[in-house]
Amino acid sequence: MADSENPNPKVDPEQQPPSNLNQNGLHEPDPEEPDDDEFEEEEEDDDDDEPLQRKPSSEESLRSSKAKLEGLVRRMETEKVDLRVHDVVIRGNTKTKEYLIEAELEGIRKATTMQELLEASAKANAKLKELDIFDSVRITLDSGPPELPRTANVLVDVVETESVITGELGCYTKPAARSWTAEGSLKFKNLFGYGDMWDGSLAYGPSQTSEISAGVLLPRFKGFVTPVTARAFLLSQDWLELSSYKERMAGLSLSLFSTRHHDIVYNLGWRTLTDPSQMASKSIRRQLGHGLLSSIKYTFTLDKRNSCMRPTRGYSFVSSSHVGGLSPDSRSVRFLRQELDLRYAVPFGFYHAALNFGVSGGVVFPWGNGFLNKPSSLPERFFLGGDFSPVCTLGGPATVWGFKTRALGPTEPRRHVRDNSNDENSESSGRDFVGGDLALSAFADISFDLPLRWLRERGVHGHVFAGAGNVAKLSENEFRKFSFQRFFESFRSSVGAGIVIPTKLFRLECNYYYILKQFEHDGGKTGFRFSLSAPSL
């Protein structure tokens with residue numbers, strides 16, 4: 001090493017003759033050696049230039065980036081920033097088909113400005129998360145190639161869910177109907193990479209309703225722009241106590257078109273009505289037997305309320321049109337059914353108080369040859385009653401506070417039981433609620449915060465309410481005798497007050513009901529009762 005650093009180590013560098021002596025032995029300035037004055041001037045220049053050559057600190061870089069970002073934001077607020085997407089790169093989808101993700105990114109590819117690109121990216125992120133097959137979704141905007149100015153690359157990073165199988169199990173009670181239901185479901189996510197959702201569910205209620213079903217949902221199928229859902233089901237409903245019949249139905253439900261506001265569903269099923277008690281009234285017995293249900297249902301939903309559990313402002317409107325009998329089979333059930341539901345919430349401005357009021361109506365009528373003389377289909381008729389809250393349930397007339405489920409409206413006597421010891425003596429076995437072809441109900445509910453802070457923080461609040469409703473028969477030429485005056489005069493009504501405990505899944509209420517008006521055979525009852533209500537839409 002010493003040799004490489006000093007070519008002549010035996011000679012002291014200070015004793016070597018200077019290399020810049022001329023032939024006369026005079027010293028000449030070395031052209032490569034700077035003059036002392038020049039050296040001092042250069043040092044002064046270096047001192048002056050030193051601050052300019054210093055690298056900016058991280059804080060200064062951050063301030064610079066922040067200023068550029070603020071400038072871009074101000075520019076985007078005042079004018080459109082032209083930009084087009086050069087490329088979209090999808091990463092992380094090891095199982096999911098790429099076309100499924102690309103279908104949700106159409107808005108990004110069509111963006112022509114920075115504003116449109118940001119908006120489309122936010123919507124695409126939300127849509128991908130709604131597929132429920134990714135644990136996380138991240139969309140990054142990057143600059144395009146240098147040779148292509150005003151372009152951007154979009155990077156979509158997804159993390160596919162690890163929990164492919166999920167399940168739910170629960171038990172629900174209906175105090176008004178004195179029944180309970182155990183429900184369980186099992187769901188399989190993205191089995192084949194098409195975003196497909198396979199599920200099976202079972203609901204068992206020993207006193208009323210039991211159902212077993214299986215279905216599949218495809219978010220993108222062939223040329224359909226909306227998800228397609230197919231479901232096979234086996235349904236059993238027990239209405240012996242109230243209407244002396246049991247209903248069993250096996251069939252298929254197919255969702256043809258479904259968006260936020262519109263829904264079209266086709267149903268095909270084989271339905272059987274039976275009377276194991278052999279005590280049904282005359283009109284119920286006439287409808288016992290087999291029937292083919294081939295129907296299509298269209299529902300329009302517009303919900304602008306700020307909450308479905310405790311709305312304090314906004315409105316909602318639901319219209320449902322149901323046509324049955326889309327089959328040439330003579331056993332096909334033919335009917336036309338229309339329902340309307342309007343709700344409105346008005347805030348008072350104090351104690352978080354608000355008024356909710358709503359009106360619901362519906363009509364059903366048979367169609368076909370001689371339809372004026374035919375009765376309407378029994379399962380498609382309207383039945384009023386039940387203590388579940390109309391505040392969070394939408395879809396049509398169903399609830400009147402303080403009355404048992406289906407225990408309001410027209411009734412008919414059941415078959416008479418004759419005493420074997422004396423045939424001349426007979427007694428009635430009760431009455432059947434047969435429902436109606438026209439139904440109308442209305443309610444008003446005022447909710448308010450309770451004084452305790454602990455209750456307010458958990459959403460527990462009080463409410464006072466009033467409700468009314470009625471059903472009437474129109475088929476079999478009964479519409480000729482119909483009178484709106486008699487219809488409104490025969491409205492059943494009730495009032496009450498209670499405490500509401502809202503949760504993420506349902507609304508629990510402890511209410512006191514007071515029946516204002518009911519008729520002889522109605523099932524209204526004054527007193528305290530608990531009720532559970534879940535949002536229907």
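The model is predicted; local features need pLDDT of at least 70, side-chain atom pairs count only at pLDDT 80 or more, and totals for chains, interfaces and linings use all residues. Residues are numbered from 1 along each chain as its sequence is written, and side-chain values use heavy atoms, with hydrogens and water left out.

The protein chain holds ten helices and 23 strands. Both are DSSP runs numbered from the N terminus (helices: H or I, at least four residues; strands: E, at least two). Of the 537 residues, 39% are buried. Buried means under 20% relative accessible area, exposed means over 50%, and partly exposed lies in between (1.4 Å probe, protein chains only). Among contacts between residues at least 6 apart in sequence, 57% join residues at least 24 apart.

A search of the whole structure gives 20 salt bridges. The criterion is a side-chain nitrogen of Lys or Arg within 4 Å of a carboxyl oxygen of Asp or Glu. Side chains of opposite charge can pair when their charged atoms come close.

One of the salt bridges joins arginine 220 to glutamate 104, with the closest N and O atoms 3.7 Å apart. This pair links distant parts of the chain, 116 residues apart. Arginine 220 sits in the loop between strand 7 (209-218) and strand 8 (228-238). Glutamate 104 sits in the loop between helix 4 (98-103) and helix 5 (106-109). Arginine 220 is partly exposed because its relative accessibility is 23%. Glutamate 104 has a relative accessible area of 11% and is therefore buried.

Glutamate 380 and arginine 271 form another salt bridge, at 3.1 Å from N to O.

Glutamate 457 counts as exposed because its relative accessibility reaches 53%. Arginine 458, at 44%, is partly exposed. Elsewhere, salt bridges link Arg91, Arg138 and Asp157 in a network.

Threonine 393 lies in the loop between strand 14 (354-366) and strand 15 (411-413). Its relative accessible area is 13%, so threonine 393 is buried. A polar atom of the threonine 393 side chain lies 2.9 Å from the backbone oxygen of serine 389.

Backbone angles were considered next. Most residues other than glycine have a negative phi. Glutamine 278 has a positive phi, near 55 degrees. This glutamine 278 is placed in the loop between strand 10 and helix 8 (282-285). With a relative accessible area of 55%, glutamine 278 is exposed. Glutamate 476 likewise has a positive phi near 55 degrees. Glutamate 476 is found in the loop between strand 20 (461-472) and helix 10 (484-489).

Key:
A polar contact is a pair of N or O atoms within 3.5 Å; within protein, one must be able to donate a hydrogen and the other to accept it, and residues adjacent in sequence count only if both atoms are side-chain atoms. Contact means heavy atoms within 4.5 Å.
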